[in-house]
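Me: I'm new to this one. Please walk me through it, starting with whatever I need to know to read the answers.

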Amino acid sequence: MDRECVSLLPRVCEVLAASGSSLPDDTILEKLLDWFTALTEAGESLLEACPCLLEFISAVIHDTASAPGVLSFTLRLIGLLAAAEDDFIVLKESLVLDLVFSCQHWQELGLWEDPCIRIGWIQGLRTTLQHPNGLSFFRQPLLQLQTDTSLFVASAANQMLAHVLLFCQPEDEQNTSVSKAVVENPAEPMEINQDCTAVVDAISEYLKRALGVPKGSAQLHQCQQTLRLLALLLGQTKPPLHDKLLQTVTASLEEMVAADCSELTLPLMDVILDPDCLPCAPDLIVSGILSLLRICSGDSSSSSAGCSEVFRNVIGSGKVQKCALEALTAVSNSPGEAVLHKSYQALVKWMSVSCAIDLHNKSHCLCLLDLVQVVKKRACDMRWEVRDSTMEFLGHLGAMRVCRAPAEQACDASEALLGGCCCTTPLLREALQDPESYVRASAIKALAQTVMHSWQEGAAPTQEQILSQDTEGFARRAVVKFFIAWFSSHTSHTPPSSPSVRSVLSRGCADLDWEVKVHTLELAELLLDKAFLGHGSYTKGSDSLVEQGVISALLSGLVDCDRPVALKACRLLITLRVTVCPASQGDPDVSDATANAERDLNALNATSFEDHSEEGASAVSHCERVSVCEALGSLGLDDKLEILSRSSDHVHNSPLSLLQDILTASTSHTHSNTQPGQEVIVDCY
Amino acid sequence: MPEIKVTPLGAGQDVGRSCILVSIGGKNIMLDCGMHMGYNDDRRFPDFSYITQNGRLTDFLDCLIISHFHLDHCGALPYMSEMVGYDGPIYMTHPTKAICPILLEDFRKITVDKKGETNFFTSQMIKDCMKKVIPLNLHQTVQVDDELEIKAYYAGHVLGAAMVHIKVGSESVVYTGDYNMTPDRHLGAAWIDKCRPDILISESTYATTIRDSKRCRERDFLKKVHESIERGGKVLIPVFALGRAQELCILLETFWERMNLKAPIYFSTGLTEKANHYYKLFITWTNQKIRKTFVQRNMFEFKHIKAFDRSYADNPGPMVVFATPGMLHAGQSLQIFKKWAGNEKNMVIMPGYCVQGTIGHKILNGQRKLEMEGRATLDVKLQVEYMSFSAHADAKGIMQLIRMAEPRNMLLVHGEAVKMEFLKGKIEQEFSIDCYMPANGETTTVTTNPSVPVDISLNLLKREMALGGPLPDPKKPRTMHGTLIMKENSLKLVSSEQALKELGLNEHQLRFTCHVQLQDPHSDADTLHRIYTHLKSVLKGYTIQHLPDGTVIVESIVIKVSSSAEDSNTKVLLLSWSYQVKTWTLFLERFTLIYNGVLPGG
């Protein structure tokens with residue numbers, strides 16, 4: 001544990017014990033527990049490292065004026081401590097455990113009514129039950145708390161019961177957590193085994209009693225809760241106990257299903273349905289779903305007569321359509337969302353699994369004609385949602401390879417389905433002017449997916465225009481990605497046109513959107529890779545890098561206030577350093593590279609360098625001629641990388657910072673009278 | 001009795017994040033789906049496993065309604081719809097739907113800045129989620145399904161904020177979200193119909209405060225900014241992309257114009273620009289003044305406020321900069337703060353609340369020496385000011401809304417327990433209605449008396465008037481007699497004659513008989529006579545006849561006496577009456593009299 005934290009903790013404990021309800025933020029107790037938990041998990045004995053905790057516990061639990069929130073925190077802290085067997089013994093000997101885990105004690109104090117005390121009690125007890133000694137604290141009220149008026153308490157009780165049962169699970173003779181512990185610590189094994197059996201019996205008996213057709217609202221609540229517990233248990237228990245549980249409850253479950261009580265349908269489904277098992281063959285399901293979808297859209301020709309009732313309820317039902325399409329997507333074995341969106345998704349998924357589209361087949365052709373009509377119509381729908389889904393669909397098709405017929409070459413799916421770019425390209429082009437930026441972005445993305453190189457070259461100016469003029473980040477992000485896709489599909493090592501590259505990089509780096517900047521750096525990375533791979537010499541490589549403005553992009557990224565941008569730039573600069581500055585300086589190539597880099601550095605935007613000198617790299621000055629290796633070395637990249645790789649709030653969200661905040665708040669709280677009107681009110685954000 | 005249940009998963013006795021489950025008339029509705037900024041893990045989102053396990057949220061919930069775009073009300077939306085898998089209808093107003101993704105993107109950025117963040121939604125998820133949203137218009141009733149309907153009302157607070165009236169049959173609930181009962185610089189005041197909901201669920205952020213007039217706070221703010229600028233200082237105002245930033249911009253813009261100030265004002269981010277675009281687009285949602293002046297000049301076309309470039313931070317001389325994020329977590333606002341913190345001429349104005357774990361929280365607590373990354377420390381010499389510009393109803397405003405809506409019950413959320421307790425007392429005292437304040441996870445159950453509307457025939461009403469004087473007075477209820485008939489899904493109260501006519505039925509009379517045994521040694525005729533005399537003495541004003549065939553008749557009741565076959569002392573009384581409610585009650589009352597009267601007399 002951090003020494004500074006250890007030194008602050010006693011005072012923090014004092015503040016907490018005396019705080020009442022005046023804590024500065026509702027998250028601090030949780031965060032303190034997080035910290036203690038992390039320490040315990042790292043194997044530290046908390047009581048040994050911070051003896052003040054024992055005093056704190058004793059002060060809080062014996063003070064009748066302690067705030068419920070602090071008491072609840074203390075109960076959970078005790079549980080955390082007691083989870084370690086050594087600390088358990090210390091706490092047991094100081095009689096703390098017997099006192100705090102007796103719910104009667106809290107009832108007598110009139111505090112049991114407060115749900116946060118009950119939650120603290122359950123959770124404290126739960127963490128205590130990490131070793132067999134803890135089992136002796138298994139208490140009957142847990143079973144009653146399962147139907148507590150507070151949802152949180154009831155749920156915590158359910159979790160707790162599941163935890164206990166799993167803990168006592170007699171897997172195979174040798175391997176249970178309890179029996180293992182017994183082997184390691186043979187003291188009183190009989191007693192512990194008895195504890196275990198007693199606990200399992202008590203819970204099974206309870207399950208059996210609690211399930212059945214409910215005869216009132218209290219019983220209904222109990223049934224619902226117990227079904228939830230059962231679902232939890234059946235999901236986690238292993239064979240002997242799993243089977244035993246099933247045996248115990250099967251009759252009650254059957255009875256409940258037969259009683260058809262609507263309030264129990266959902267929890268019963270949770271217990272009965274196993275999500276992974278399909279009830280019948282996929283083909284049957286698919287044809288079933290398809291006829292259901294036909295009925296939904298009003299086509300009743302394929303179905304048998306006599307179910308007009310069904311028709312009335314199902315025709316036009318968006319809910320049924322959504323479910324059916326979802327099922328269809330699921331059956332195609334991929335996870336799968338408004339009806340059109342889902343239809344597109346389902347279609348894309350199905351295309352990817354059933355490859356063959358036979359253009360010589362008449363019905364297939366008719367079907368395709370329909371699709372072209374639908375896509376054209378939907379591309380100019382009033383709702384941006386529909387237009388966007390249509391653009392996304394075109395993008396997905398563009399990315400998908402299908403084989404038209406055995407003899408023909410593979411092509412993208414949009415070509416096969418929609419007759420290629422003569423149909424889709426005008427739609428996508430038009431969508432570039434869409435008033436909704438989401439749609440513009442999807443159209444750009446779809447264009448990037450079409451692999452028609454010649455067309456992409458033509459589209460580049462339009463894309464550049466979007467990058468410089470579009471007011472919204474989504475479209476600009478997509479443009480940079482467009483260039484990435486284009487350049488990476490290019491087989492030659494020199495990108496198509498250099499002026500275009502330079503303007504994309506400089507515009508991208510100066511963008512207001514952090515993701516545009518990150519994507520721009522991804523583009524720079526691609527160029528970096530190509531430069532060094534293609535030329536085999538650093539000279540030509542770095543030449544082109546300077547020309548393209550890759551280096552300035554990296555340097556401006558390094559000082560960006562958006563962390564992901566700075567981090568990416570830092571990593572790339574390190575890669576660059578590793579590539580152009582090998583350990584031995586004798587290499588002629590390196591000096592060439594250095595000379596080029598010098599030129600580059602001079603050409604760099606003065607502001608980015610001024611920024612650097614401020615950031616501490618004062619050795620670099622733009623009027624001085626320095627080698628690129630020296631320049632890269634002077635940026636302190638390794639230190640920067642270490643900082644940037646950590647969370648942006650790692651200093652202010654640290655345990656030390658938390659302890660300091662608690663202490664500062666307590667002193668400012670006592671002086672708050674001096675500054676009326678300065679009270680910080682918790683409100684919205 | 002039908003019940004309405006309200007369970008907060010968030011905002012129950014706290015101001016963390018709003019997420020409230022309402023069960024009404026068999027429908028389950030989720031109100032708001034907010035996130036808590038104070039956590040970096042799943043605890044920032046509501047835990048839906050309390051409601052259903054295995055992600056069956058769509059099966060359980062009938063709809064989700066988002067009140068406004070603040071993250072503590074909508075921040076968990078993509079999590080719920082794209083990660084937990086809720087696929088049912090989501091409702092919010094048009095402006096909220098447009099602005100929500102901006103704030104979600106803004107927050108996603110802060111999150112990406114923090115390493116070790118797990119389980120957070122992507123840009124694609126935000127879009128996919130927004131596609132599922134069904135936009136609401138103010139005062140337009142939207143039918144969620146055959147039974148459930150919702151209607152949005154103007155709530156002030158922020159652009160697009162709405163209160164919502166949820167109705168199933170005759171039961172209804174109003175949820176306010178965050179609201180403001182006094183108009184501010186860019187928004188109007190909340191308003192609702194006298195809709196008399198069964199429960200009014202109201203926020204209570206300022207439950208105990210009577211806020212000083214907004215003008216005072218504005219004057220104060222302008223004074224502070226002005227002083228700082230005058231002495232050559234720079235002013236940093238950390239904000240979230242939308243809401244307060246716009247209000248403060250209008251404030252500064254008009255002040256700059258009036259005072260003819262030259263110091264530049266900047267926005268640090270493209271987001272705010274986009275936000276301004278939405279304020280222009282949704283001008284009808286702003287207040288009257290802005291709408292009026294719109295014809296000459298759009299309030300959101302700022303003359304003095306320009307886009308910021310990071311190189312400007314080092315420019316000499318005074319300036320005002322709005323920068324995101326609002327709690328000085330990271331990014332632009334933090335970078336500028338670090339640059340300016342060392343100069344006592346500068347100032348930072350925090351216009352809202354900051355969670356623990358942020359620099360904003362630290363400086364508001366009065367910390368002056370901040371530890372920074374890379375073991376550096378930062379001396380905070382600049383002036384730190386806190387000015388809450390959030391637009392919530394204060395205690396007076398909340399009472400005003402209760403008067404407007406006239407709820408039968410009140411339920412407080414989105415406030416601190418101690419303050420709620422105080423307001424609860426006030427409400428119960430002033431309005432004589434029950435006021436609830438459930439904690440998170442606790443369920444409040446309110447039983448409702450469903451009122452069923454019934455038409456009444458004019459003839460019946462006239463007849464009743466003739467019988468009982470003037471027309472019914474709501475303060476003096478009185479019983480009316482008629483037949484309730486249901487025709488074409490509507491209920492009608494008519495006279496029984498008319499009911500028979502309308503339904504084409506014939507009149508039948510039911511007679512009921514029963515036998516009662518008595519111990520009486522007299523002869524049958526004597527017993528009957530004794531009964532006759534007794535009835536005559538107790539039932540004054542009734543026609544009682546003793547007929548020669550051995551029958552006593554009281555109104556429609558016929559009484560005969562016979563002896564039991566086994567025991568002549570046991571007399572069997574045959575009672576027979578026609579079914580008329582009045583007679584029946586009379587009979588029961590009187591028979592008790594007979595029974596008690598005859599026997600003791602023996």
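Reply: Residues are sorted by class here: Ala, Val, Leu, Ile, Met, Phe, Trp, Tyr, Cys and Pro are nonpolar, Asp, Glu, Lys and Arg are charged, and the others, Gly among them, are polar. This is a predicted model, in which local features need pLDDT of at least 70 and side-chain atom pairs count only at pLDDT 80 or more, while totals for chains, interfaces and linings use all residues. Residues are numbered from 1 along each chain as its sequence is written, chains are lettered from A and ligands numbered from 1 in the order in which they are written, and side-chain values use heavy atoms, with hydrogens and water left out.

Me: How much space lies in the largest cavity?
Reply: About 170 Å³. A cavity is a set of points, on a 1 Å grid over the protein atoms alone, where a 1.4 Å probe fits but cannot get out, and its lining residues have an atom within 4 Å of a point. Points are joined across faces, edges and corners, and the volume is the space filled by probe spheres set on them.

Me: Now the sheets. What is the order of the five strands in the open sheet of chain B?
Reply: The order is E26-E30-E29-E28-E27, with antiparallel pairing. Strands (E, at least two residues) and helices (H or I, at least four) are DSSP runs numbered from the N terminus, and two strands pair if DSSP finds at least two bridges between them.

Me: Which strands stand at the edges?
Reply: Strand E26 (511-519) and strand E27 (544-547) of chain B; each has a single partner strand, so one side of each has no neighbour in the sheet. From one strand to the next, the twist averages 20 degrees. Angles run from 0 to 180 degrees between N-to-C directions, with axes fitted to C-alpha atoms, for helices over the stretch in contact.

Me: How many bridges pair E29 with E30?
Reply: Six, between residues 557-563 and residues 570-578 of chain B. Among the partners, Ser562(B) goes with Val572(B) and Lys560(B) with Leu574(B). The hairpin that joins E29(B) to E30(B) has six residues.

Me: And what about E28(B) and E29(B)?
Reply: They run antiparallel and are joined by three bridges, with Val552(B) partnered by Ile559(B). Their hairpin has two residues between the strands, and Glu555(B) there takes a positive phi near 45 degrees.

Me: Which helix lies across this sheet?
Reply: Helix H16 (residues 524-538) of chain B lies across E27, strand E28 (551-554), E29 and E30, at about 150 degrees to E29(B).

Me: Where else does a hairpin residue take a positive phi?
Reply: At Glu488(B), near 50 degrees, in the hairpin of E24(B) and E25(B), which has two residues between the strands. Strand E24 (residues 483-487) of chain B pairs with E25(B) in the antiparallel sense over five bridges. Strand E23 (residues 454-456) of chain B runs parallel to strand E25 (residues 490-494), joined by three bridges. Leu493(B) is the bridge partner of Leu484(B) and of Ile456(B).

Me: Change of topic: at what angle do H32 and H36 of chain A pack?
Reply: Helix H32 (residues 563-580) and helix H36 (residues 637-644) pack at about 145 degrees, with axes 10 Å apart. The crossing is left-handed, meaning the near helix is turned anticlockwise from the far one by less than a right angle (clockwise would be right-handed). Their contact (heavy atoms within 4.5 Å) includes Leu567(A) and Ile574(A) of H32(A) and Leu641(A) of H36(A). By class it has nine nonpolar, no polar and five charged residues.

Me: Last one: is the bond from Thr324(B) to Pro325(B) cis or trans?
Reply: Cis, with omega near -5 degrees. Pro325(B) is in the loop between strand E15 (319-323) and helix H10 (331-340) of chain B. Ala11(B) is not a glycine, yet has a positive phi of about 75 degrees; its place is the loop between strand E1 (3-10) and strand E2 (19-24) of chain B. Most residues other than glycine have a negative phi, and most peptide bonds are trans.

Key
1 Å grid on protein atoms, 1.4 Å probe; cavity = no way out; pocket = protein on both sides within 12 Å on 5 of 7 lines; lining within 4 Å.
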